[in-house]
Amino acid sequence: MPIISVRRAEKSDASSIAAIYSESIAARDSTMDLDPFTHDDALNLLCDLGQREAIFVAETDHQVLGWGNVKTYSTRPGYRVACETSVYVFRSHTGQGIGSSIQTSLIEHAKSQGFRHIVTKIWAENELSIAFHRQFGFSLVGIQNEIGEVDGKKKDIAIMQCL
Ligand SMILES: CC(C)(COP(=O)(O)OP(=O)(O)OC[C@H]1O[C@@H](n2cnc3c(N)ncnc32)[C@H](O)[C@@H]1OP(=O)(O)O)[C@@H](O)C(=O)NCCC(=O)NCCS
């Protein structure tokens, strides 16, 4: 197994982040974003990070293969202990521990920033991602039925939490 290293994302990672995310957008199984993510979209994501927010990338042999982010759940002060996370890995490299390495860094970062409740929203049909998050202590809060519509199909979203 190649060595996976996780680090904070830099502006020069924008193309990789865009490519990884665009693959998941096209797969229509994990995000409500529907248009391809561009280099500039990724750059904006990096430039607009709040003080307690972060994007991490995982690389092997200097090739970025996955990324994830911690973002604040709400700007309302009463929610200051809550954040939201997402993880995306190139499909050709899933099942090799990359997602787990990123998720570990996201949880460490969340703790270090005083977040004690992590929310993640997952397509209810995405059983792999639900199993992945359960391994990190996330539990299912509930299903938001038909909250989305993608390509004319109704979509349910699983809300998971990790305290
Ligand atoms: C979900 C995702 C981030 C997991 O990343 P990953 O690098 O594949 O995960 P890991 O290799 O670290 O595996 C961790 C666990 O995930 C699950 N998993 C990963 N690949 C799997 C596969 N092919 N089949 C079944 N379970 C799998 C297992 O529970 C695995 O634990 P195990 O190794 O003890 O069996 C990745 O599959 C992905 O990017 N999927 C598409 C986008 C997505 O759904 N993102 C989540 C939206 S928040």
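Which pattern does the chain follow, read along the sequence? The answer is β-α-α-β-β-β-α-β-α-β-β, built from four helices and seven strands. Here helices (H or I, at least four residues) and strands (E, at least two) are DSSP runs, numbered from the N terminus.

A word on the ground rules. This is a predicted model, in which local features need pLDDT of at least 70 and side-chain atom pairs count only at pLDDT 80 or more, while totals for chains, interfaces and linings use all residues. Residues are numbered from 1 along each chain as its sequence is written, and side-chain values use heavy atoms, with hydrogens and water left out.

**Overall build**

Along its principal axes, the C-alpha trace spans about 40 × 40 × 30 Å.

Of the 163 residues, 42% count as buried. Buried means under 20% relative accessible area, exposed means over 50%, and partly exposed lies in between (1.4 Å probe, protein chains only). The accessible surface of the chain comes to about 9,000 Å², and 48% of it belongs to carbon and sulfur atoms; such areas come from the Shrake-Rupley method with a 1.4 Å probe, and for residues only the protein chains shown count as cover.

As for charge, the chain has 16 positive and 20 negative side chains, and the centres of the two sets lie 8 Å apart. Lys and Arg count as positive and Asp and Glu as negative, with His and the chain ends not counted; each charge is placed at NZ of Lys, CZ of Arg, CG of Asp or CD of Glu.

**The cores**

A nonpolar core is a set of buried Ala, Val, Leu, Ile, Met, Phe, Trp, Tyr and Cys residues joined through side-chain atoms within 4.5 Å. The largest one has 38 residues, and Ile 17, Trp 67 and Ile 118 have the most contacts inside it. Helix H1 (residues 14-27) gives this core its largest share, six residues. A second, separate core has five residues, among them Val 119, Val 150, Ile 157 and Ile 159.

Leaving aside neighbours within four places in sequence, Ile 118 is in contact with Cys 83, Thr 85, Ile 107, Ala 110, Phe 138, Met 160, Gln 161 and Cys 162.

Ile 25 has its place in helix H1 and is buried, with a relative accessible area of 2%. Not counting residues up to four places away, Ile 25 touches Thr 31, Asp 33, Leu 34, Asp 35 and Phe 37.

Glu 23 is also found in helix H1, but is partly exposed at 27%. With the same exclusion of residues up to four places away, Glu 23 touches Val 89, Phe 90 and Arg 91.

**A buried lysine**

Is Lys 155 buried or exposed? At 9% relative accessibility, Lys 155 counts as buried. This lysine is found in strand E7 (residues 153-162). Beyond its neighbours within four places in sequence, Lys 155 is in contact with Met 32, Trp 123, Glu 125, Gln 144, Asn 145, Glu 146, Ile 147, Gly 148, Glu 149 and Val 150.

Here are some C-alpha separations for the residues just described.

| Pair | Apart in sequence | C-alpha to C-alpha |
|---|---|---|
| Lys 155 and Glu 53 | 102 residues | 28 Å |
| Ile 25 and Ser 86 | 61 residues | 13 Å |
| Glu 23 and Gln 161 | 138 residues | 25 Å |

**Positive phi in two loops**

Most residues other than glycine have a negative phi. Arg 28 has a positive phi of about 55° although it is not a glycine. Arg 28 has its place in the loop between H1 and helix H2 (39-47) and is partly exposed, with a relative accessible area of 26%.

His 62, also not a glycine, has a positive phi of about 65°. The loop between strand E2 (54-60) and strand E3 (63-72) holds His 62, which is exposed at 77% relative accessible area.

Technical notes
Contact means heavy atoms within 4.5 Å.
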